[in-house]
Amino acid sequence: MVEIVKGDITELQVDAIVNAANQTLLGGGGVDGAIHRAAGPRLKAECAMAAGCPTGSAKLTEGYDLPARFVIHAVGPVWHGGGQGEDELLASCYRAAMRLAEEHRIDTIAFPCISTGVYHFPFERACGIALSEIFRALDEGSRIRQVYCVCFSEEDFDTYQRILSTFGQ
Ligand code: ADP
């Protein structure tokens, strides 16, 4: 049901991939840049019409040239030391992404580790929040069959696996 995988999220054949977007939704570096490159210019055009997205929220677009049918653009918080509501904002964007996935009758979804790149959220802490919210959404009765948590590096993959094992999985 929940699986950690190593690789490039843009290559996954799933119903939706989640983007670690910024508030403008107009593209950036990291996974955001990779998703926009792989999806082609029509993604940027649709994002431009969405007029941004607040931190802790998410918006859904088509996937265009991606293998995935949809992209869910979730805006995680920038890490400022933990005293500015970062944990709750990160949890909120996972909840928003899972809610959108339900609404669009998505069966399979892949998440990157939101906020852990240029936004500097501590990796293990982010994994724990991600898994708590993913399992909570699944436990609440979901049609989502498969959730992939995608790591770009071997080291991140090992860490994420270890955190998953603390959830009894
Ligand atoms: P943020 O601004 O939310 O921190 P980043 O894109 O900088 O977003 O990083 C989020 C996470 O996505 C990081 O753990 C980074 O290693 C990972 N990442 C970057 N490119 C890809 C990709 N193509 N597929 C999967 N994960 C990626």
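User: Where is the place of Q146?
Analyst: Q146 is in strand 6, residues 146-151. Strands here are DSSP runs of E with at least two residues, helices are runs of H or I with at least four, and both are numbered from the N terminus. The model is predicted, so local features need pLDDT of at least 70 and side-chain atom pairs count only at pLDDT 80 or more, while totals for chains, interfaces and linings use all residues. Residues are numbered from 1 along each chain as its sequence is written, and side-chain values use heavy atoms, with hydrogens and water left out.

User: Why does Q146 count as buried?
Analyst: Its relative accessibility is 15%. Buried means under 20% relative accessible area, exposed means over 50%, and partly exposed is in between, with a 1.4 Å probe and protein chains only. The value for Q146 is 15%, so Q146 counts as buried.

User: What makes a polar contact between the side chains of Q146 and E3?
Analyst: The side chains of Q146 and E3 are paired at 3.4 Å. A polar contact is a pair of N or O atoms within 3.5 Å; within protein, one must be able to donate a hydrogen and the other to accept it, and residues adjacent in sequence count only if both atoms are side-chain atoms.

User: Which residues are closest to the ligand?
Analyst: The closest are D8, V31, S115, T116 and G117, among 15 residues that surround the ligand. A residue is near a molecule or strand if one of its heavy atoms lies within 4 Å of it.

User: What lies 2.8 Å from a backbone N or O atom of S115?
Analyst: An oxygen atom of the ligand does. A polar backbone atom of G117 is also 2.8 Å from a ligand oxygen. A side-chain N or O atom of D8 is 2.9 Å from a nitrogen atom of the ligand. The protein covers 90% of the 560 Å² of accessible area that the ligand has on its own.

User: How do the residues of the shell around the ligand divide?
Analyst: There are 9 nonpolar, 5 polar and 1 charged. Ala, Val, Leu, Ile, Met, Phe, Trp, Tyr, Cys and Pro count as nonpolar, Asp, Glu, Lys and Arg as charged, and the others, Gly among them, as polar. Helix 1 (residues 30-39) gives the largest share of the shell, 3 residues.

User: What makes the phi of L25 worth a remark?
Analyst: Most residues other than glycine have a negative phi. L25 is not a glycine, yet its phi is positive, about 60°. H120 also has a positive phi, near 60°, and is not a glycine.

User: Are L25 and H120 buried or exposed?
Analyst: L25, in the loop between strand 2 (16-21) and helix 1, has a relative accessible area of 2%, so it is buried. H120, in the loop between strand 5 (108-111) and helix 4 (123-139), has 58%, so H120 is exposed.

User: Why does P67 count as partly exposed?
Analyst: P67 has 40% relative accessibility, so it falls in the middle class. P67 lies in the loop between strand 3 and strand 4. L66 lies in that loop too, between residues 58-62 and 70-75, but L66 is buried at 7%.

User: How far apart along the chain are P67 and V14?
Analyst: They are 53 residues apart, while their C-alpha atoms are separated by 7.2 Å. L66 and L12 are 54 residues apart, with C-alpha atoms separated by 8.5 Å.

Technical notes
Accessible areas come from the Shrake-Rupley method with a 1.4 Å probe; for residues, only the protein chains shown count as cover.
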